[in-house]
Amino acid sequence: MSKNLTFYLIRHGRTVWNEQGLLQGLGNSDLTENGVKGAKLTGVALKDVSFVAAYSSCLQRTIDTAQHILGQRSVPLFQHQGLNEQYFGTWEGLPTVELHELEEFKQMRKEAANYKAQSNGGETFEQLAERIMGAMQDIIQVHDQGNILIISHGHTLRLMISLFNGISWQEHRDEGKSQSLLNTAINIVRYQQPNDSDGKFFVDVLNDVRHLEHLN
């Protein structure tokens, strides 16, 4: 059977830890007032999009963001742990200004292929890439047609979209290969799979923040 899906990929709204400069990962903090506003503005921007389903990670900040986007709409919302943020181990909850001094943190930010997560006991980009694509294949197996809302995280979505663009996990942090995704920006990816053929992803919209112009 052929498949024709459009994914609306959204990074969660801004959080308290974002404002405080703390590394989140699987740690969680509440959405700020602007985080909630951003999610609601995203909901307004997408009000005419008919979603067959919505998926978030298992972390509360994405669940809250999804609920603010969907509002009173009767769209089923599911959680998938494959959409969780990258796990940073012992770094989670620490100020990023302190972590910037660590050699392995520098590797994580600039040299994805060399980041082994040895000092923090966290998750490598190779492991993240495997679970990201596993999550997407799970979702694709369930749906054949329609629009799907996905609420996830900065590192997760940056790598996901890079993979959709044909950029490897090893290279996705190289200069000019990818960009950070802004909170509650709209990213749109199409997935097309003709009968008895391999499916392909097409990134149509990246970091669209026009709906957030009056956020502040």
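**Close-up 1. Salt bridge between Asp-48 and Lys-47 in the predicted model.** Asp-48 is exposed, at a relative accessible area of 67%. Asp-48 is exposed, with 67% relative accessible area. A search of the whole structure finds eight salt bridges.

**Close-up 2. Salt bridge between Lys-3 and Asp-144.** The N to O distance is 2.6 Å. Lys-3 belongs to strand E1 (residues 3-11), and Asp-144 to the loop between helix H6 (125-142) and strand E4 (145-152), so the pair ties together parts 141 residues apart in sequence. Lys-3 is buried, at 13% relative accessibility. Asp-144 is partly exposed, at 27%.

**Close-up 3. Salt bridge between Asp-204 and Arg-190.** The side chains meet at 2.5 Å, N to O. Asp-204 sits in strand E6 (residues 200-208) and Arg-190 in strand E5 (residues 186-193), so the pair links parts 14 residues apart in sequence. Asp-204 is partly exposed, with a relative accessible area of 42%. Arg-190 is partly exposed at 25%.

**Close-up 4. Crossing of helices H2 and H3.** The axes of H2 and H3 (residues 60-70) come within 7 Å and cross at roughly 45°. The helices are therefore oblique to each other. The crossing is right-handed. H2 contributes Val-36, Ala-39, Lys-40, Thr-42 and Gly-43; H3 contributes Thr-65, His-68 and Ile-69. Three of these contact residues are nonpolar, four polar and one charged.

**Close-up 5. Thr-32 in the loop between H1 and H2.** The loop joins helix H1 (16-20) to helix H2 (33-45). Thr-32 is buried, at 15% relative accessibility. Beyond neighbours within four places in sequence, Thr-32 contacts Arg-14, Thr-15, Val-16 and Glu-19.

Key: Residues are numbered from 1 along each chain as its sequence is written. This is a predicted model: local features need pLDDT of at least 70, side-chain atom pairs count only at pLDDT 80 or more; totals for chains, interfaces and linings use all residues. Side-chain values use heavy atoms; hydrogens and water are left out. Helices (H or I, at least four residues) and strands (E, at least two) are DSSP runs, numbered from the N terminus. Buried means under 20% relative accessible area, exposed over 50%, partly exposed in between (1.4 Å probe, protein chains only). Contact means heavy atoms within 4.5 Å. Axes are lines fitted to C-alpha atoms, for helices over the stretch in contact, and angles run from 0 to 180 degrees between N-to-C directions. Angles under 35 degrees count as roughly parallel, over 145 as roughly antiparallel, 65 to 115 as roughly perpendicular and the rest as oblique. A crossing is left-handed if the near helix is turned anticlockwise from the far one by less than a right angle, and right-handed if clockwise. Ala, Val, Leu, Ile, Met, Phe, Trp, Tyr, Cys and Pro count as nonpolar, Asp, Glu, Lys and Arg as charged, and the others, Gly among them, as polar. A salt bridge is a side-chain nitrogen of Lys or Arg within 4 Å of a carboxyl oxygen of Asp or Glu.
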